[in-house]
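Me: I have a model open and want to talk through a few parts of it. Can we start with some strand pairing and then move to the domains?

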Protein chains: 2
Amino acid sequence: MNIDDLAQQAGEWLRGEGPESDIVISSRVRLARNLQDFPFVPRADEEARGEICDLLRRHILRSEFAQEILYVDLTDTAEIDTRFLVERHLISRELASSEGPRAVAFGANEVVSIMTNEEDHLRIQSLRSGLSLSETWAEARRVDELLEEKLTHAFHPQFGYLTACPTNVGTGMRVSVMLHLPALVYTKQIEKVFNAVSKINLTVRGLYGEGTQASGDFYQISNQVTLGVSEETILETVSRVAPRIIRYERDIREHLMRESRTSLEDRVWRAFGVLTNARVITSEETMEQLSMLRLGVNTGLIDSVPIRTVNELFILTQPGHLQKVAGGHLDGPARDEARASYVRERLGG
Amino acid sequence: MNIDDLAQQAGEWLRGEGPESDIVISSRVRLARNLQDFPFVPRADEEARGEICDLLRRHILRSEFAQEILYVDLTDTAEIDTRFLVERHLISRELASSEGPRAVAFGANEVVSIMTNEEDHLRIQSLRSGLSLSETWAEARRVDELLEEKLTHAFHPQFGYLTACPTNVGTGMRVSVMLHLPALVYTKQIEKVFNAVSKINLTVRGLYGEGTQASGDFYQISNQVTLGVSEETILETVSRVAPRIIRYERDIREHLMRESRTSLEDRVWRAFGVLTNARVITSEETMEQLSMLRLGVNTGLIDSVPIRTVNELFILTQPGHLQKVAGGHLDGPARDEARASYVRERLGG
């Protein structure tokens with residue numbers, strides 16, 4: 001298996017099933033870990049980073065954390081491939097744009113991925129579709145324990161896991177849910193959610209994490225604090241808040257269906273009309289129209305499109321994926337054409 | 001035959017055939033005539049108007065100007081019907097909104113229509129699809145002569161026909177062509193046409209004549225001067241200018257097809273996408289999208305829609321027609337829904 005094999009479909013987390021999957025795209029747990037005997041990545045020179053990478057590579061592959069593991073050395077990987085891995089949520093934008101020895105390993109179903117030499121030596125991620133924080137956490141912990149058997153992590157008895165950035169010290173854990181909140185955006189109620197969420201020390205981010213804009217009405221809610229709280233408490237906080245936002249979004253959807261069904265119907269069918277007919281479409285507009293299409297499918301207003309197709313299109317229409325499918329570099333205008341053509345094909349337009 | 005029978009289709013001038021019909025929607029000749037023995041309409045009281053109307057009614061019906069004549073007394077006609085007749089170009093907006101005894105008579109194919117008690121006692125109109133000014137003029141003249149056999153018109157040996165408004169004195173003739181100029185609008189070249197046309201004493205108007213905005217990229221080019229020129233000269237002027245504008249529009253279409261085919265394709269297919277999927281659509285947006293669809297059909301970019309359907313939709317989606325089809329009054333929002341539904345049905349969306 002190599003990266004090219006992944007381009008035509010999306011991983012487990014996009015299958016669009018799992019609990020509350022009309023609103024919850026995915027649940028994610030990420031653990032930051034560092035080796036005791038090496039300097040943190042920002043302070044490690046090229047040589048040290050090389051050693052870290054080699055050491056972790058051996059352990060990761062030996063751990064057999066997944067059935068079929070793809071290990072991608074990112075040192076000399078083409079930009080098109082790193083972009084692709086970012087779009088797929090297998091690596092962070094930071095890892096993609098940094099330099100020197102670094103890698104990612106992930107299982108064939110893309111549930112678990114392990115980055116080496118990102119901000120921390122190790123970043124273990126578990127990502128599943130729908131609201132399934134316990135399973136996602138269990139999976140991350142299993143892999144964490146598997147690796148810890150053979151590695152000695154930087155750990156302080158009082159603080160917990162030590163990390164390159166102080167905001168991750170303690171559990172080194174970030175728990176997040178990716179929510180699709182088109183009705184809250186459509187009715188301009190989303191700000192209320194942000195305000196409520198920030199009061200309980202949760203953070204709201206866009207589709208590609210820190211510093212990215214929410215596009216396609218996707219919002220990632222995650223914990224801000226990792227120090228002085230247990231993993232269970234973090235998990236519990238997110239698990240408690242997510243259903244409230246879900247209910248809020250769902251209530252508004254029901255309200256729209258009751259009170260302004262025709263406008264909503266108009267909006268979602270127009271999105272379908274544009275997606276199945278456009279000959280040129282930007283990534284941004286695609287996200288926006290797909291978001292409305294997704295709302296249409298999830299409210300039952302549109303029943304001819306499988307939700308999995310819609311979910312996949314969010315990712316498969318990103319620049320890296322498009323270029324992977326096209327088999328080479330495409331400039332902006334060519335991408336907008338290729339995107340329109342791909343979307344029409346997938347939606348039978 | 002009555003008005004209701006007309007609602008489901010459109011007349012001869014919208015069949016979308018005839019010379020240059022990709023650009024020329026219709027050719028029109030209108031003659032203003034007044035009876036010598038009566039005051040002009042603006043100066044005639046209710047009683048005089050009644051007499052004029054009765055007299056003309058007899059003559060018009062007796063003239064058998066068309067095979068199957070529909071005579072509509074507008075005195076007490078419901079607003080929905082007058083609106084309908086305006087949309088169909090059988091009566092003017094002025095006649096619709098004026099009061100007192102007034103009427104229109106037209107043949108089943110709607111080529112000739114005769115208004116009584118509009119601004120002038122008689123307004124004879126001949127309207128055909130495509131660029132066919134000679135036939136249209138021949139038809140108007142035939143009907144004019146037919147009526148003049150039995151009527152004595154207000155005529156001055158030096159000036160010619162006398163009319164209520166001085167701008168019509170002389171020939172009483174207005175010759176116009178309705179042009180569809182989407183490429184000139186799209187490339188912002190339309191102003192140039194206006195400037196050129198106004199220099200040779202021609203006027204540019206919208207779809208519904210004087211004082212109406214050009215919607216759907218339709219522009220009506222007509223003569224400004226009726227006095228001191230012969231009918232043939234007027235006809236000749238419009239006949240000479242129309243082909244130049246047509247060539248200009250056609251050149252730009254070809255240029256677009258050569259240089260920015262993808263953008264054009266995108267624009268026309270998006271129009272198709274919106275029209276076949278919208279659940280709510282205003283009259284204005286419908287005109288705009290239909291204009292692009294028409295351009296798509298006429299450039300061969302879209303071949304699944306017959307041009308006649310597109311032409312008819314411009315008229316059949318107007319408020320009066322929609323209400324006729326619905327069989328009663330529809331308020332604004334209900335019309336926008338009915339319009340969207342009708343357009344989808346006609347375009348097989």
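Reply: Fine. This is a predicted model. Strand 4 of chain B pairs with strand 5 (residues 122-129) of chain B in the antiparallel sense, over five bridges.

Me: What stands opposite B:S113 in strand 5 of chain B?

Reply: B:Q125 does. B:S113 is also the bridge partner of B:F106.

Me: Which residues take a positive phi in the two hairpins?

Reply: B:E110, near 65°, in the hairpin of strands 3 and 4 of chain B, with four residues between the strands. In the hairpin of strands 4 and 5 of chain B, with five residues between, B:N117 has a positive phi near 60°.

Me: Is strand 4 of chain B mostly covered or open?

Reply: Mostly covered, with five of its five residues buried. B:V112, B:I114 and B:T116 point one way, B:S113 and B:M115 the other.

Me: Switching to chain A. What are the domains?

Reply: The assignment gives domain 1 (3-253) and domain 2 (260-347). Their C-alpha centres lie 26 Å apart.

Me: How much area do they bury between them?

Reply: About 2,500 Å², 62% of it on carbon and sulfur atoms. In contact are 31 residues of domain 1 of chain A and 26 of domain 2 of chain A.

Me: How many salt bridges cross that interface?

Reply: One. A:D81 forms a salt bridge with A:K324, with the closest N and O atoms 2.3 Å apart.

Me: Which helix gives the largest share of the domain 1 side?

Reply: Helix 3 of chain A, with five residues.

Terms used:
Residues numbered from 1 in each chain as written. Chains lettered and ligands numbered in written order. Predicted model: local features only at pLDDT ≥ 70, side-chain atom pairs only at ≥ 80, totals over all residues. Heavy atoms only, no water. Buried < 20%, exposed > 50% of the residue type's maximum accessible area, 1.4 Å probe, protein only. Pairing = 2+ DSSP bridges. Domains from an automatic or database assignment. Contact = heavy atoms within 4.5 Å. Buried area = accessible area lost by both parts, 1.4 Å probe. Salt bridge = Lys/Arg side-chain N within 4 Å of Asp/Glu carboxyl O.
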